[in-house]
Amino acid sequence: MRISLDWLSDLVDLPEVEPSRLAHDLTLATVEVEDVVTVDGDVILDIDNKSLTNRPDLWGHYGIARELAAIYQLPLRPLPSAPRPPLVADGSGAAGSGAAAARGLVGGVDPALCRRFAALRFRVDTSVPTPRLIRERLARIGEASVNLCVDLSNYVMFTVGQPTHVYDADRLALPLSAGYTPTATSFDLLNGQSVDLPAGVPVITDATGVAALAGVVGGAATAVGPASREFVLEAATFRAQPIRRATQRLGLRTEASARFEKGLDTQRVDAAVDLFLSLLREAAPDASVTALQDVTLQPTAPALITVDRDFLDRRIGQRLDDDELYRVLDGLGFDVAVDGTTLRVAAPTWRSTGDVSLPHDLVEEVGRIHGYDRLIAVRPTIALTPVRRLNRRPLDRAVREQLATRAGLREVLTYPWVADHLLAATGFDKERLTRFQGAPAPDRDALRPSLIPNLLDAVVTNLRYHPSFGIFEVGTVFGGRDAVPPRHGTAGRRRQPDDDEVLPPTALALGIALVGDDGVDLFRRAKGIVEMLRRHCHLIDLPDTDPASDVDLSDTGRASGGPACAGGGDPAWADRSARLAIRVGATRVGTLALVTPRARRLTGIDGVQVACAEIELTRLAAHRSRENRFVPLPDLPEADFDLSVVVADTVAWQTVEATARQADALVAAVRYVDEYRGASVPDGHRSLTLRVTLRPRHATLTADVIAAARGRVLDALGRQVRAYLR
C-alpha cells in the first residue's frame, strides 16, 4: 500500500523530521515501510501489505495518520462531513421485506453476507472535472483518474479504508439487494472481462439481475459513463469470509476486496458517506443529493477488555506513569475507565473486528507506542552449569535417536495392554499372562508380553494411509503370572509398600516393524538396522544374528519372565522361511523375522509383507565412551569394478564376500549390489552382483593391474564356491 505524506498533512500536522526518520518510527511502532520514494514533489511511503493483515484500520490514510498522531503525541484532525438528505424508510431491510423496501434504494440484505448496507442517490453533471488535488494524489499512489464520481469514490476508500461503489442510476432497476447467486450465471465486469459465476457467489443485484460482485468489482451494465447524470453510491459492510472465498474461487482481487477481506467495522460507512458528500459538494456545488437509505443489521460493538494494572506492568517490564498509559490508549481511540487497580477498556470499533480482544493486546498497544527502545533494558542472569555428559545418556535414548535419524523410522507409542485377538494372532497364551483390573475393555485385560502384537495393530492403522513404512517402539513388557524374576537388568518381582501384591517382572524392549511389498528386501533391511545399532549405540557385547534353527528351541525365555522376544524358543509370529535369533554371546535376547501369513491374516494385514524385530534392551549395555580407531586416508585413488556371478543358493553371501576379499592383496572392500533369478540363471542358483574396491599401496592402479586383480577374484570364486561369470 502507498501512503502520501501530502495527503497525510491534511489529517495531522506531521513533525519536522526527515521522511526516512518518519518511516523508521512508523516501522518500529506499527507497520513495515519498505521504501520511501519522491513522486512529483510528494513523498510516498511504500508499506508492506503483509504487515497490515491484522489491522483493517490501517488500510487508508486516516488510519496511518492516527498512528503517527499517537507516536508523536499530535492532535488528529476530524474527517470533514456534510449534511445528509432525509432517510428513506427501509421497511426492515431484510430479504423479502415487502413493498416499502421495493420502493426504496435498498431491498433484501442477506445477514450472512452483509452487516450494513447504505445507498445514496445523487445527481451531478459528469462534465465537471475532478479537482486537481484529488487527481494528483490518486496518481501519486498509482490510481488513474476516471471521472468525478469514480475518483471521489476511490479517494474516499484510500482515505478512510472503506470501499464504495458508484452505479449509473438510470441503468439500474432499484432497489439494490445483497445476497448470493442462486444458480450459475455469466457476468461482465467493469474492465470488459466476462466471468462465469458459480452458485453461492456474493453479489449485488437489482430487479433485473446481477449488478456487481459484492465487495470485489462492479459490472459493465451499470457502469458510470460520460452520459450519466443520476447516480447511486453503495457503501456497505460485507463480512470478511464470503468476500475472501469469492476472490479465491474467481481469481479476482481488487483494492476493495483486499480491505473487505480484513473485516471492517460498520461505523466506517458513516465516515465514507460523510466524506463523499463533503467532497462532492466541494467539487460540484450544483450537485443535488436526493435520497439516502441505510440498513444496519449487526452494528460493530466495541470490544471490552478488563485488565489489572499489575498485569500490564509485569508484561511491559516496567511501570509506566498513569498519564503516559492513558495518553497512549486515548491517542489510539481506546476509552479507559479506572476501578482501583483494574482498567476497563473499550476498544474503538475500528479495532474490534478481531484485532483487539485480550489483555495481551493492550500490552502490545502500550509497548509499541511508548517505544520498545525506551523500555528499561535488564541484563539477563546467566547461570553456568556443568554440561550433561552425552556418553552417559540412557541406552534406550540412543536407540531411539539412531532409529529415528539413521534408520528413518517413525516412533509409535502403544498401550501396555493388548487385545485378545492380537495375542491369538501372535501365538501367546492369555492364561499365562498378567491380568489387571479396570481394563478399558473385557478383551484388553492382559498386559503385553511383547511389543509385536501392538506393533502389528499399528501397522493395520497406518496401512490406510501409506503402503510402505517403518515404525518402532521402546517400551515395557511384562512377564507371566507363573514367571520367576529375571536375573538381568532392573526387572524383577517387587512388592507394593502397603500390601502383599507381587508385581509382574518387567523388561525394557525394542520392537521394529517394516512394511512393504518385497519380503526379502524388508528382511535384509531389518537385519541391517539391527547391525547398525551395534555400532552406533556402542554396545559392549554386540548382538549377533544367527539362524534360528541353530538355537535351543526350549521355552526358557517365557519361563524366565522376560519378554517373549528374549526366549530361547522362536515366537509363533516368526516365519520359518526367514527368521534369525539375536544373541549376546550365548544368551538369546531377541528375534528378527518375517511375520507369518497366519499372523498377518488374523491381525488384518492384507496385501503387504511385514518384517519385525524385537530385542530386550535390559540385557544390553553400552561402552562408557566411544572406541575410536584412526585409519589413514589413502594417498592414491581407489578403483572399483562390478562382477555378476552365478552361484548356488546354498552358498551364503558371507562366503562369497570372504572369498573375494581374500583373492588379492589389493582388495579393500567387497559390497553387495543386487541379485537376480530368472532367465539364463539355472534353478537353484542366483546371479550375485558384487562391487570390489581396490586400494593401491605404492603406485596408481593401471588398467592392467585392475584386470589382473579382477581375474584373480573370478578365479578364487570359481575354485572355492564354484561361481562363474554371468
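Asp361 is placed in helix α12, which spans residues 359–370; helices here are DSSP runs of H or I with at least four residues, strands are runs of E with at least two, and both are numbered from the N terminus. This is a predicted model, in which local features need pLDDT of at least 70 and side-chain atom pairs count only at pLDDT 80 or more, while totals for chains, interfaces and linings use all residues. Residues are numbered from 1 along each chain as its sequence is written, and side-chain values use heavy atoms, with hydrogens and water left out.

Asp361 is buried and yet has no salt bridge, since the nearest side chain of opposite charge, that of Arg351, is 7.6 Å away. Buried means under 20% relative accessible area, exposed means over 50%, and partly exposed lies in between, with a 1.4 Å probe and protein chains only. A salt bridge requires a side-chain nitrogen of Lys or Arg within 4 Å of a carboxyl oxygen of Asp or Glu; for charge, Lys and Arg count as positive and Asp and Glu as negative, whereas His and the chain ends are not counted. A polar atom of the Asp361 side chain lies 2.9 Å from the backbone nitrogen of Leu358. When residues up to four places away in sequence are not counted, Asp361 touches Asp355 and Val356, where contact means heavy atoms within 4.5 Å.

## Helices that cross

Two packed helices are described by the angle between their axes and the distance between the axes. Helix α11 (residues 322–331) packs with α12 at an angle of about 100 degrees, their axes being 9 Å apart; axes are lines fitted to C-alpha atoms, for helices over the stretch in contact, and angles run from 0 to 180 degrees between N-to-C directions. The two helices α11 and α12 are therefore roughly perpendicular to each other, given that angles under 35 degrees count as roughly parallel, over 145 as roughly antiparallel, 65 to 115 as roughly perpendicular and the rest as oblique. In this pair, Glu324, Leu325, Arg327, Val328 and Leu329 of α11 meet Leu362, Glu365, Val366, Ile369 and His370 of α12.

Helix α2 (residues 19–29) and helix α3 (residues 61–72) pack at about 95 degrees with axes 11 Å apart, which makes α2 roughly perpendicular to α3. Among the residues making this contact are Leu22 and Leu26 of α2 and Ile64 and Leu68 of α3.

## Salt bridges

Side chains of opposite charge can pair when their charged atoms come close, and the count for this model comes to 54 salt bridges. Asp445 forms one with Lys430, with the closest N and O atoms 2.8 Å apart; both residues are in the loop between α14 (420–426) and β20 (446–447), 15 residues apart. Asp445 and Lys430 are both buried.

Glu675 and Arg524 also meet in a salt bridge, at 2.8 Å from N to O, and this pair links strand β28 (residues 667–676) to helix α16 (residues 519–536), with the partners 151 residues apart. Arg524 counts as partly exposed, at 38% relative accessibility. A network of salt bridges links Asp6, Asp10, Asp42, Arg132, Glu136, Arg137 and Arg140.

## The chain as a whole

The secondary structure of the chain comes to 20 helices and 30 strands. Of its 726 residues, 49% are buried.

Technical notes
Polar contact = N/O pair within 3.5 Å; in protein donor to acceptor, adjacent residues only side chain to side chain.
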